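This note sets out some points to check against the sequence and the model. Please read each point with the structure in view.

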Amino acid sequence: MAWVTLLLAGIFEIVWAYAMKASEGFTRPWPTAVMAVTMLLSFVLLAHAMRVLPLGTAYAIWTGIGALGSFMVGLLVLGEPATALRMVAAGLILSGIVLLKVAS
């Protein structure tokens, strides 16, 4: 159950990162509110997962999910470039997440 909680925490991290971008420097109230709520949910779920999972594993996977997911949102939603080097970097993040999960 801790792994599912950690996955949800990572998904909420992606949502709050996108909402932060959409808030345009906190000048738009609805994206700012979505960011605040999903940020809180992400932290609460991360804290819950850390009751079972080791700190280093949980935190690294949480940030990895957020980083990789935000990268994908940037590519698919915001039209950011998918250069070869950026794709290799994303692959390295994904491999790190997988290796941490396997090592747990």
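In which sense, left-handed or right-handed, does helix 2 pass helix 3? Helix 2 passes helix 3 in a right-handed crossing. A crossing is left-handed if the near helix is turned anticlockwise from the far one by less than a right angle, and right-handed if clockwise.

1. Basis of the model. The structure is a predicted model, in which local features need pLDDT of at least 70 and side-chain atom pairs count only at pLDDT 80 or more, while totals for chains, interfaces and linings use all residues. Residues are numbered from 1 along each chain as its sequence is written, and side-chain values use heavy atoms, with hydrogens and water left out.

2. Confidence. The pLDDT (the predictor's confidence in each residue, from 0 to 100) averages 96 over the chain, and 100% of the residues score at least 70. Within the chain, the highest confidence is in helix 2, at 98, and the lowest is in helix 4, at a mean of 93.

3. Overall architecture. The chain contains 4 helices and 0 strands, and its elements run α-α-α-α from the N terminus on. Helices (H or I, at least four residues) and strands (E, at least two) are DSSP runs, numbered from the N terminus. The C-alpha trace spans about 40 × 35 × 15 Å along its principal axes. Of the 104 residues in the chain, 32% are buried; buried means under 20% relative accessible area, exposed over 50%, and partly exposed in between (1.4 Å probe, protein chains only). Among the contacts with a separation of 6 or more, 63% are between residues 24 or more positions apart; a contact means heavy atoms within 4.5 Å.

4. Helix 1 and helix 2. Two packed helices are described by the angle between their axes and the distance between the axes. For helix 1 (residues 2-22) and helix 2 (residues 29-49), the angle is about 160 degrees and the axes are 8 Å apart. Here axes are lines fitted to C-alpha atoms, for helices over the stretch in contact, and angles run from 0 to 180 degrees between N-to-C directions. The two helices are therefore roughly antiparallel to each other; angles under 35 degrees count as roughly parallel, over 145 as roughly antiparallel, 65 to 115 as roughly perpendicular and the rest as oblique. Helix 1 passes helix 2 in a left-handed crossing. The residues of this contact divide into 18 nonpolar, 4 polar and 1 charged. In this division, Ala, Val, Leu, Ile, Met, Phe, Trp, Tyr, Cys and Pro count as nonpolar, Asp, Glu, Lys and Arg as charged, and the others, Gly among them, as polar.

5. A residue within that contact. Is Thr5 buried or exposed? Thr5 counts as buried because its relative accessibility is 5%. Leaving aside neighbours within four places in sequence, Thr5 is in contact with Leu45, His48 and Ala49.

6. The loop between helix 1 and helix 2. Both Glu24 and Phe26 are placed in this loop. Most residues other than glycine have a negative phi. Glu24, however, has a positive phi of about 50 degrees although it is not a glycine, and Phe26 has a positive phi of about 65 degrees although it is not a glycine. Glu24 counts as exposed, at 52% relative accessibility.

7. Helix 2 and helix 3. These helices pack at an angle of about 150 degrees, with their axes 10 Å apart, and are therefore roughly antiparallel to each other. Ser42, Phe43 and Leu46 in helix 2 meet Ala58, Tyr59 and Trp62 in helix 3. The residues of this contact comprise 5 nonpolar, 1 polar and no charged.

8. Helix 3 and helix 4. The angle between these helices is about 150 degrees, and their axes are 9 Å apart. Helix 3 passes helix 4 in a left-handed crossing, and the residues of their contact divide into 13 nonpolar, 2 polar and 2 charged. Leu94 is found in helix 4 (residues 84-103) and is partly exposed, with a relative accessible area of 43%. Although 33 residues separate Leu94 and Ile61 along the chain, their C-alpha atoms are 9.4 Å apart.

9. The loop between helix 3 and helix 4. Pro81 is placed in this loop. Not counting residues up to four places away in sequence, Pro81 touches Leu75 and Arg86. The C-alpha atoms of Pro81 and Ser95, 14 residues apart along the chain, are separated by 21 Å.
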